[in-house]
Amino acid sequence: MNPGAVDQARTESRPRGLAPARAVLASGATIMAKETRTTPAVTLHANLRGGTAGDPDGQEGVAHFVSRTIDRGTERQSADAIAEQLDSRGVTLSTSVGRHVLSLACTCLAQDFEDVLTIVADVIMRPTFAAAEVDRRRGEIVTLIRQDQDNPAMVAVEGLNAMLYGEGHPYGRRVRGTLDSVERIDGHALRRFHAGHCVPSSLSLAFVGDIQADRAIDAARSAFGAWTGAPVLEAGTPPAPPPAGRRGRVIPMMNKSQADIAYGFVAIARSDPAYYAYVLMNNILGQYSLGGRLGDRIREQQGMAYYVFSALEASLMPGPLVIRAGVSPSNVMKAVATIDAELARLATEGPTEQEMGESTQYLIGSMPRTLETNMGIASYLQMVELFGLGLDYDVRFPDLLSAVTRDEVHDAARHAIDPARATVVVTGPYEGPLP
Amino acid sequence: MATLEHMPESASAVREEVLDNGLHVLIQSVHTAPLATVWCWYGVGSKDETPGLTGVSHWVEHMNFKGTTNIPREQVKGIIEKYGGYWNGYTWIDQTTYTETATRDALDHMLFIEAERMHGCLYDPADCESERTVIISELQGGENDPEQLLDQELTATAFRAHGYRHPTIGWLSDLQTMTRDDLHGHYKRFYVPNNATLVVVGDVEPSDVMRRVASHFGTIQPAEVGRRRQTLEPEQLGERRLTISKEGTTAYLKIGFHAPEVTGRDFLPLLLLDAVLTGAKGVNLMASFRTPPPQRSARLYHALVDTGLASAVNGALAPTAEPYLYTIAMTATDGTPLARLEEAALGEIDRVRAGGVTPQELRKAKNQLRARLVFEGDSITNIAHQLGFFETIASWQWLSSMGQSIESVTLEDVGAVAAERLRAASRTIGCFEPVR
């Protein structure tokens, strides 16, 4: 992205694959568009580089708070007027926040595209964060935080992130902040965050559906063309995650029936050359079919858990690799011992050639399914844009994955999943020893 | 890898056939992606279960992923994955279903798996035992969620006689005592072609699909399912209440009203009434409740969320074969007494019972439902799900005529349904009071 460039409005195309159109406005905003004809509907997806990693110290949760209030009134129309216009067209504008992006997404009938885009653009550019709305949504956020505190799975994952990264690191903090920090956030804080992060150069739009790409791009240029703002200041480098030896925490929640285990490591960034080896390792370990090797052992053979899986969250910074399981409290020790054993086995022996072939084939073969729906394509395009993967990434992906060798996956396992360096958090009706 | 170059827009009409053994087959070509989806539906759900065997349908569903006569246990995994595919199954009150979605060249494998599942599952005793603890773990995971617990208790209170009263996962004591023969008996009785609907949708050619279906399923023998005993739920004569007092952080309120079956005259007026009260959801059990409804201008959102009494309000009217429930679920904001929330919610319900809805509200509700029906057709998986789901509770044609039927619902229809269906005597009020 080059914020100073003239309006390129250049449509790039590729001979095969998804081949979306892409344009960069003079203001720096990026627009991607892909025409599909599955239904007479269009999905609009907007990403702004304003995620929780941008939460200032003491105001943890401000990005999430913005996501809950950005569509509650603008300089031009009230919250009720926005609600009425969207509701009358059957449109739900979903807002969400991740570590690095604030997202607004909706699907509308193709006939409503221009009208809905106008509303979405107004919401992105001119939110007011009026005091009454801020106070009302604060009550909702406080309730959400209280619900999280009663959710063993959420407590386990948040507890794991806090231990893996430390409270000073953006990945170690709670997305929704704390009861204290949310009390401190007011309209000024929300407007400051919006002004600093929600600017043209941080905006990436994806339009997918029953609309010609050029028409969608023209509509976006019209809606956002006059918007100006300084580029986002990059946040400073966060402190390094604390060095890891085996450690953990038990958080008893004796009112619950099932124990939740979150077991993890700090892994890699999305830009790491070993990324594709990690993807395959994760698939073999805890994804393939009913949860990879972990699912085979813990669910299918031992019958201990309804769910067990692993997830790799490689992002702009090194993200976590997390193993999750829900088990009876009497099986906590046994389940963690099995996870330890399976990780040690993969790290010691590496994957088999058969596993390499199966997981590679599965991940490549699942691309058409991932890209079947308008929302699926829009989310994919935003991922490609965030990580700078290029418009032909869907065409290149099979070769990138196929090139990974068994030794590279074995190396990834050796580096990433040594049980002696694991962090383990157990929540639920369990007061036993730390596994 | 198959690429995603645009294919000509085309979705054929639904082709419907019945094999000699009674297997109902629905096929639709949709050439928007190089994919195919197969769904095999069985007309059996938790409402068909008897005391002592609650949860058997769901447990049987789990057992039917553990190998067959011609698919060794260890080879179940990998058949569909080889084609980048996804497979799963679910059980609910009226139905049990299995699905695979993968690239179109996996079609034969998908049909083979479903044919095997229909007549060749193994029910190895050790596998049955191992799955007992998996299912109990699933049940306990659900109990961790206070909203799920409240829903279970409310349903059991609203129904006294009908099979809809017990949870699909079953009661714990039944899960602890059910035997391998109980599971196998249920499987042998209900998993017959004359009790099944096979749906195939995607980048396929219907005649070719029919040939393959006949080859895979044609020799499976039909069998009588036998008489299903079902007690009609007697009319509720007065308001029922329950309160769960349990350690927790958040208070929840849920109000349930007896609702019509999907083919009942009141169903669509009640669906539109729900859209006015809490925003339109649509009628896809898989998709509708995952995407929040457009609800910020809805009556209950204004009265409960915009006033700060609740952080969330959700209405739910599921399409079912027999009369089930219309529920309104609310989360109290931190510090709000449930009594205040209940008073405000019942005040709005009284208002709509007395005054009906406005023409503008009805128009908006119809627009919302029309849009949701379009959005729900965005994938072959969703399209096939809807064909099979409605075939198990009514007929797949019901869904295709729904758009037109919605248009013909009048203000008077909605007003009358509000007055009749939301009566105090027909409701059950459930509270989850956190003990801190």
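The views below come from a predicted model, in which local features need pLDDT of at least 70 and side-chain atom pairs count only at pLDDT 80 or more, while totals for chains, interfaces and linings use all residues. Residues are numbered from 1 along each chain as its sequence is written, and chains are lettered from A and ligands numbered from 1 in the order in which they are written.

**View 1. The six-stranded open sheet of chain B.** The strands of this sheet follow the order E1-E2-E6-E3-E5-E4 with mixed pairing, strands (E, at least two residues) and helices (H or I, at least four) being DSSP runs numbered from the N terminus. Strand E1 (15-18) and strand E4 (86-91) of chain B are the edge strands, each pairing on one side only. From one strand to the next the twist averages 15 degrees, with axes taken as lines fitted to C-alpha atoms, for helices over the stretch in contact, and angles running from 0 to 180 degrees between N-to-C directions.

**View 2. Strand E11 of chain B and its partners.** Strand E7 (residues 240-247) of chain B pairs with strand E11 (residues 427-435) of chain B in the parallel sense over eight bridges, and Arg241(B) has Ile429(B) as its bridge partner in E11(B). Strand E8 (residues 252-258) of chain B runs antiparallel to E11(B) and is joined to it by six bridges, with Phe257(B) opposite Arg427(B) in E11(B).

**View 3. The five-stranded open sheet of chain A.** The strand order here is E7-E11-E8-E10-E9, again with mixed pairing, and the edge strands, each pairing on one side only, are strand E7 (247-252) and E9 of chain A. Neighbouring strands are turned by 10 degrees against each other on average, direction ignored. Strand E8 (residues 259-266) of chain A pairs with E10(A) in the antiparallel sense over eight bridges, and Phe265(A) stands opposite Leu321(A) in E10(A). Helices of both chains lie across E9 and E10 of chain A: H10(A) runs at about 160 degrees to E9(A), and helix H3 (residues 125-143) of chain B runs at about 75 degrees to E9(A).

**View 4. The side of chain A that touches chain B.** Here 60 residues of chain A are in contact with 59 residues of chain B, contact meaning that the C-beta atoms of two residues, placed from the backbone, lie within 7 Å. Elements that each supply at least two residues to this side of chain A include helix H2 (79-87), strand E5 (102-109) and helix H4 (131-149), and H4(A) gives the most, with nine residues.

**View 5. The buried face of helix H2 of chain A.** The buried residues of H2(A) are Ala79(A), Ile82(A), Ala83(A), Leu86(A) and Asp87(A), a residue being buried if 20 or more other C-beta atoms, placed from the backbone, lie within 10 Å of its own. Seen down the axis of H2(A), these residues fall within an arc of 120 degrees, so they line one face of the helix; the arc is that of the directions from the helix axis to the C-beta atoms. They pack against helix H3 (113-125) and H4 of chain A together with helix H11 (359-375) of chain B.

Notes: Two strands pair if DSSP finds at least two bridges between them. A residue is buried if 20 or more other C-beta atoms lie within 10 Å of its own, exposed if 12 or fewer, and partly exposed in between; C-beta atoms are placed from the backbone.
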